[in-house]
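Please examine the structure shown below and consider how charged side chains may be paired within a single chain. The paragraphs that follow lead through several such pairs in turn.

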Amino acid sequence: MSQPRIVIVGGGFGGLAAAKALKKTPAEVTLIDRTNHHLFQPLLYQVATSVLSPNQIGFPIRGIFKNQRNTTVILGEVTGVDRDNKCIFVSDKDRLDVPLSYDYLVLATGATHSYFGQNEFEEFAPGLKSLADAEETRNKILQAFELAEAEEDPSRHRDLLTFVLVGAGPTGVEMAGALAVLVKTTLKSNFRRIDPASARVVLVDRSPRVLGTFSEQLSQAAKQRLENLGVEVRLGHGVDQIDADGVVVAGERIASKTVIWTAGVAPSPAGKWLRVETDHAGRVRVQDDLTVPGHPEIFVIGDTAAFQQDGKPLPGVAQVAMQQGRYAGKLIHTRITDSKQPAPFRYFDKGTMAVVGKGFAVLQSGKVQMSGLGAWLVWAFVHLQFLATSGLRLSVFLQWIWTFVTGQRGSRLIVNHHTSTPVSTAVSEPARGAA
Ligand SMILES: Cc1cc2nc3c(=O)[nH]c(=O)nc-3n(C[C@H](O)[C@H](O)[C@H](O)COP(=O)(O)OP(=O)(O)OC[C@H]3O[C@@H](n4cnc5c(N)ncnc54)[C@H](O)[C@@H]3O)c2cc1C
């Protein structure tokens, strides 16, 4: 008799954990992702600010499963699900919407940026979700310093060297801190006409405090630390406008050539594929065993699922995705092997952390609250542990020590993947005048 087919869509934190939990299951496991790598998103900001290079936070999914014989990895984009005929549709460079049938389906397709309905902002304020985004942001930041160094008119340095981050959650705070350190340490003494330390880093959020999910005390500590690093923290007003000349906040224009979106996220379209109930954000409402109502063979996990625990939705963090992935894998295993099924899913919150510049983090775990170097050491230890392979752990560990001691960073290359706009059109005279 043929073995049951388990299809997992997404090789992020949730999908990877589910596939690993199925290692000993007598089944054909197929893991599909539209990229060939698992990405450690919590360190994306370090690629964007040149601390790490892309290959230090991404690892080929195929390599992770090289010894798991029951698992096949496919590079492809899932475009839909046919619940009734139990199949999904997969496209790749060669073929469109190829059906692939399943007995069990795990959707772990994560989230993408959300511009809260103002999608026109995207052109001027790219977000940070993939390695390509991080490289693009790094290019933009480094390019701004190059343009300022080449620009003889000092009145243009101000907007070239103003960096605006929209969204003061963990990503915005971590990016702002890392940028502030970059301009004060690594870039110091690299330029002749400009002083990189004069760069302005502005962090904007409409909420009244940074790191809104942390306690008031830690949020205050993070804000204080950012200000000590020279970051301008502008709270209580969102951005009204983002365009090629910068942003408008509470009626005031902040001229900037580098605006980075570090605010909302939106779930993948899994809810639309399945045509099931979603929450207001579009996340699929799942039952206490992470399956979709009426479909015990379909699991939705991680950022794309809405799971209520003690009356509150679980946050979109890596720990939730990993624990849900492990649970879904284990439950499928028990069903296939007719063994004892686990109790309903329950998330165990190990705590949250955010880094604010060099050697400083805030940490909240139950009643424990810490800020400073101790919290940063815990942060570093935990993040190293969760990197995909021991090779990455060693490489990132050594890079961090090197950067900590010398201020030097892993990758300060400007790598343009597309033909750049000719300089003559990029800085035409009328544009100059307007600026
Ligand atoms: C910049 C940033 C910083 C973060 N920092 C932290 C942090 O410090 N701590 C923390 O706990 N969490 C952090 N998070 C959140 C955390 O990364 C997510 O909660 C976690 O990745 C969710 O896991 P997931 O498996 O649901 O989705 P993901 O890890 O996003 O994986 C989804 C996978 O699905 C694939 N995929 C999507 N759609 C398709 C499709 N149609 N076909 C095929 N494949 C598809 C994607 O390529 C991806 O590999 C951060 C996120 C970002 C963006």
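Arginine 346 is exposed, with a relative accessible area of 52% in this predicted model, which places it over the 50% cut-off for that class. Its side chain meets that of aspartate 310 in a salt bridge, with 2.8 Å from N to O.

The side chains of arginine 234 and glutamate 252 form a salt bridge of 2.5 Å, N to O. Because arginine 234 is in strand E13 (residues 232-235) and glutamate 252 is in strand E16 (residues 252-255), this contact ties together parts that are 18 residues apart in sequence. Arginine 234 is partly exposed at 21% relative accessible area, and glutamate 252 is partly exposed at 35%. Both residues also belong to a network in which salt bridges with shared partners join Arg200, Glu232, Arg234 and Glu252.

Aspartate 245 and lysine 257 meet through their side chains in a salt bridge of 3.6 Å, N to O. Aspartate 245 sits in the loop between strand E14 (239-243) and strand E15 (246-249), and lysine 257 in the loop between E16 and strand E17 (258-261), 12 residues apart. Aspartate 245 is partly exposed at 44% relative accessibility, as is lysine 257 at 29%.

In total, the model contains 15 salt bridges.

Key. Residues numbered from 1 in each chain as written. Predicted model: local features only at pLDDT ≥ 70, side-chain atom pairs only at ≥ 80, totals over all residues. Heavy atoms only, no water. Salt bridge = Lys/Arg side-chain N within 4 Å of Asp/Glu carboxyl O. Helix = DSSP H or I, 4+ residues; strand = E, 2+ residues; numbered from the N terminus. Buried < 20%, exposed > 50% of the residue type's maximum accessible area, 1.4 Å probe, protein only.
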